[in-house]
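Here is a protein model to look over together.

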Amino acid sequence: ECCRPGVRPDPQDPAPQAGLALAGFLATMNVGGNTLTETADLIRGEARRALELDPAESNPHAVLGGVAAARDYDWSSAADHFRKAMSGSSVSADSRWAYACLYLLPLGRPREAMEEMRQAVDQDPLNVGWRAVLGNLLNSLHMYDRALEELHKARELDENSATPHFILTE
């Protein structure tokens with residue numbers, strides 16, 4: 001609800017609507033508070049409104065794919081949405097994270113997930129979270145030197161972020 005006023009100035013612009021859906025999804029997945037079960041309908045509604053305004057917008061498909069995978073375990077719907085999200089002209093780092101962690105990993109495709117996260121880090125090299133996720137994936141693939149490199153970079157970017165420290169401890 002705090003983000004909704006940002007959408008009001010131009011209700012025909014799909015970008016703020018897509019951003020609202022993504023913000024709700026990421027807040028539920030990363031911050032906690034309300035569960036995805038509680039917020040799924042709201043998140044889906046915002047993503048669908050963005051697609052009504054611009055059917056070519058790819059980020060709402062990543063949100064819909066993420067909800068289908070993480071909440072519903074509807075792998076067919078998730079595949080359809082992620083296919084659309086990942087074939088857009090510009091794929092966001094957030095979409096790459098959702099695709100890697102919520103779709104590829106549960107389906108046993110860690111190498112592909114790692115490649116998506118590598119691209120997410122290339123797009124947003126100062127994002128500590130993306131570097132930590134990449135480090136974790138590299139570690140799970142037994143690429144320990146590369147994992148340490150990414151995790152140390154993440155820690156250098158923000159020494160107070162718990163995630164890289166936690167993964168390094170593992």
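This is a predicted model: local features need pLDDT of at least 70, side-chain atom pairs count only at pLDDT 80 or more; totals for chains, interfaces and linings use all residues.

Q: What makes the pattern of the protein chain α-α-α-α-α-α-α-α-α?
A: The protein chain has 9 helices and 0 strands, and reading along the sequence gives that pattern.

Q: How do you know what share of the protein chain is buried?
A: A residue is buried when its relative accessible area is under 20%. Of the 170 residues in the protein chain, 45% are buried. As for the accessible surface, the protein chain has about 8,900 Å², and 50% of that belongs to carbon and sulfur atoms.

Q: Which two numbers describe a pair of packed helices?
A: The angle between their axes and the distance between the axes. For helix α3 (residues 59-72) and helix α5 (residues 93-104), the angle is about 20° and the axes are 9 Å apart.

Q: Why is α3 called roughly parallel to α5?
A: Angles under 35 degrees count as roughly parallel. The angle here is about 20°, so α3 is roughly parallel to α5. Their crossing is left-handed.

Q: What makes up the contact of α3 with α5, by class?
A: From α3 come Asn59, Ala62, Gly66, Ala69 and Ala70, which meet Ser95, Ala98 and Leu102 of α5. By class, that contact has 5 nonpolar, 3 polar and no charged residues. Ala and Leu count as nonpolar, while Gly counts as polar.

Q: How many of the contacts between residues at least 6 apart in sequence join residues at least 24 apart?
A: In the protein chain, 49% of them do.

Technical notes:
Residues are numbered from 1 along each chain as its sequence is written. Side-chain values use heavy atoms; hydrogens and water are left out. Helices (H or I, at least four residues) and strands (E, at least two) are DSSP runs, numbered from the N terminus. Buried means under 20% relative accessible area, exposed over 50%, partly exposed in between (1.4 Å probe, protein chains only). Contact means heavy atoms within 4.5 Å. Accessible areas come from the Shrake-Rupley method with a 1.4 Å probe; for residues, only the protein chains shown count as cover. Axes are lines fitted to C-alpha atoms, for helices over the stretch in contact, and angles run from 0 to 180 degrees between N-to-C directions. Angles under 35 degrees count as roughly parallel, over 145 as roughly antiparallel, 65 to 115 as roughly perpendicular and the rest as oblique. A crossing is left-handed if the near helix is turned anticlockwise from the far one by less than a right angle, and right-handed if clockwise.
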